[in-house]
Amino acid sequence: MVATQVLNDQTTAVKPSPESESNKRHFQVIEKTYQNNLDSDYTEKIESLGKEFDYESNSQHYWGPSELSILYGTPLYAQASESQKIALNHLYWVGMYQYTASAESNTMLYNNITSGVFATVSGYDTLCRELDFETTQEKHHIQTFQRIGYKTKIALLGKEALGNPLHKKMQASANSSPWAKVTSALPKSKMSWKAFQESTFRMTTKMLLSDKAGNFSLFLRDRADELPTTTTGMAGSSASPSALKYIGLNWGSSPFLAAQYYSARMIANASLKVYEHPYYKRFRDLQKSNQFIPAPVAVSHYHLLDESFHTTMSQVISQDVYKDFSKPSGYEKLMANVTIYLLQRGFLSSLSGSMPATFRGDAKFMSSYYRLLTSPLFGMSSADALHWLEKCMCHEHDGFHSNLKYHHTLATELRRFFDRLDYLHPINREMRLVTAGASIENAVKLNTTAFNQFARSIA
């Protein structure tokens with residue numbers, strides 16, 4: 001792991017002052033959080049539940065409150081049978097934790113990148129060990145989510161659910177576009193576009209953060225051939241792979257920006273809690289009444305406990321640790337603000353009408369909804385599926401109003417958190433794009449446009 005590497009003759013460009021009172025407090029929080037995380041056995045319980053999961057044994061019970069179900073509050077949900085409603089409840093868990101798995105793969109990458117920066121600064125050994133331990137935990141979380149998701153989708157939707165012929169059809173259409181033909185006809189240079197792009201990113205960042213050269217991430221230094229990036233999860237919803245490469249490079253080039261990454265991670269932590277806490281509460285209620293606890297509910301319960309350590313770290317690094325370092329330059333402030341703006345715009349700027357506690361429009365889910373309606377669970381023809389998609393996506397209904405409750409919870413939490421970050425512009429500190437996203441009228445308009453495009457694509 002990066003954090004345990006021993007520096008040879010690297011210059012430490014930033015030296016915090018551990019003797020100050022403020023540093024003592026947050027170093028103590030880091031130490032306590034790390035020790036508590038080590039002492040807990042939540043990850044082991046999650047891993048065991050995943051390995052032992054059998055869908056049939058959990059199939060007759062709701063895994064969460066009914067309002068945490070795909071299509072909840074829509075006209076179609078009102079007509080669904082009880083068995084279909086239970087299935088929609090289970091598939092919601094699968095969908096959200098599939099997304100959580102993608103987000104946690106983001107965390108694994110960016111923990112390594114930023115830990116590689118903190119390892120160049122004296123006094124942050126425990127912080128680095130905690131981040132490395134979190135990365136190990138995320139690996140086990142992801143494996144469990146994938147095991148449960150796979151078995152559930154096979155049981156409810158069949159093996160066809162694991163493929164995506166609609167996506168392939170749309171991709172083939174995109175590849176046959178005039179622009180694709182033009183770019184394929186361009187002469188090939190000795191340096192590929194990707195190599196040229198990465199070279200430009202490195203040169204630009206090195207120039208703009210020249211005074212932080214001694215703090216360049218050890219993780220990135222060991223991967224000089226190609227910049228790692230991600231295409232899924234919260235990050236993938238917010239920016240292109242190229243933009244994420246550049247942002248990740250910046251997070252790995254400056255102690256301030258490495259700390260600022262954790263304000264971005266806090267958005268993921270807070271978003272997860274919005275839909276995971278009801279499962280946590282359900283576990284407690286079932287446990288108190290000595291009732292059967294479905295394995296996915298137990299996974300959610302222990303995962304929230306594991307993630308509470310990660311959330312504490314996101315908070316202390318982004319709100320306190322960043323102050324240990326020199327004040328950010330204008331460029332560093334710009335990068336921090338651009339990052340939070342992109343996350344607001346891509347991840348939190350609208351409402352889903354069919355995926356509770358999801359704050360994007362339904363455009364990216366349209367093909368999944370269509371496949372769900374034409375699967376054995378509903379058995380609809382293509383025409384019927386499009387009919388119901390239009391009714392559920394393009395008109396106001398109770399599902400949108402139910403989702404406003406979750407939106408309010410998240411928006412309030414994020415405004416409270418970001419209000420303390422003095423380097424952010426008001427649009428980010430006050431989460432203005434998030435607040436503006438609480439509009440059913442705008443969500444319906446976006447969905448209508450997306451539905452019309454989707455309907456044409458499969459005609």
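Colleague: Why does Lys405 count as partly exposed?

Modeller: The relative accessibility of Lys405 is 43%. Buried means under 20% relative accessible area, exposed over 50%, and partly exposed in between (1.4 Å probe, protein chains only). The 43% lies in between, so Lys405 counts as partly exposed. Please note that this is a predicted model, in which local features need pLDDT of at least 70 and side-chain atom pairs count only at pLDDT 80 or more, while totals for chains, interfaces and linings use all residues. Residues are numbered from 1 along each chain as its sequence is written, and side-chain values use heavy atoms, with hydrogens and water left out.

Colleague: What makes the pair of Glu67 and Lys405 a salt bridge?

Modeller: A salt bridge requires a side-chain nitrogen of Lys or Arg within 4 Å of a carboxyl oxygen of Asp or Glu. The closest N and O atoms of Glu67 and Lys405 are 2.6 Å apart, so the pair qualifies. The two residues belong to distant parts of the chain, 338 residues apart: Glu67 is in the loop between helix H3 and helix H4, and Lys405 is in helix H18. Helices (H or I, at least four residues) and strands (E, at least two) are DSSP runs, numbered from the N terminus. By the salt-bridge rule, the count comes to 13.

Colleague: Are Glu198 and Lys245 buried or exposed?

Modeller: Glu198 has a relative accessible area of 5% and is therefore buried. Lys245, at 7%, is buried as well. Their closest N and O atoms are 2.5 Å apart, and the pair forms a salt bridge. Glu198 lies in helix H9 and Lys245 in helix H12, so the bridge ties together parts that are 47 residues apart in sequence. A network of salt bridges links Glu198, Glu226 and Lys245.

Colleague: What separates Glu441 and Lys445 in helix H21?

Modeller: They are 4 residues apart, which means about one helical turn. Their closest N and O atoms are 3.6 Å apart in a salt bridge, and both residues are exposed.

Colleague: How do you know that Glu138 has no salt bridge?

Modeller: Lys and Arg count as positive and Asp and Glu as negative, whereas His and the chain ends are not counted. The nearest side chain of opposite charge to the buried Glu138 is Arg265, 5.6 Å away. That distance is not within the limit, so no salt bridge is assigned. Glu138, found in helix H6, does make a side-chain polar contact with His141 at 3.0 Å. A polar contact is a pair of N or O atoms within 3.5 Å; within protein, one must be able to donate a hydrogen and the other to accept it, and residues adjacent in sequence count only if both atoms are side-chain atoms.

Colleague: Which residues does Glu138 touch, not counting those up to four places away in sequence?

Modeller: Contact means heavy atoms within 4.5 Å. Glu138 touches Glu104, Thr107, Met108, Glu307 and His310.

Colleague: How many helices and strands are there in the protein chain?

Modeller: The chain has 21 helices and 0 strands. Buried residues make up 54% of its 459 residues.
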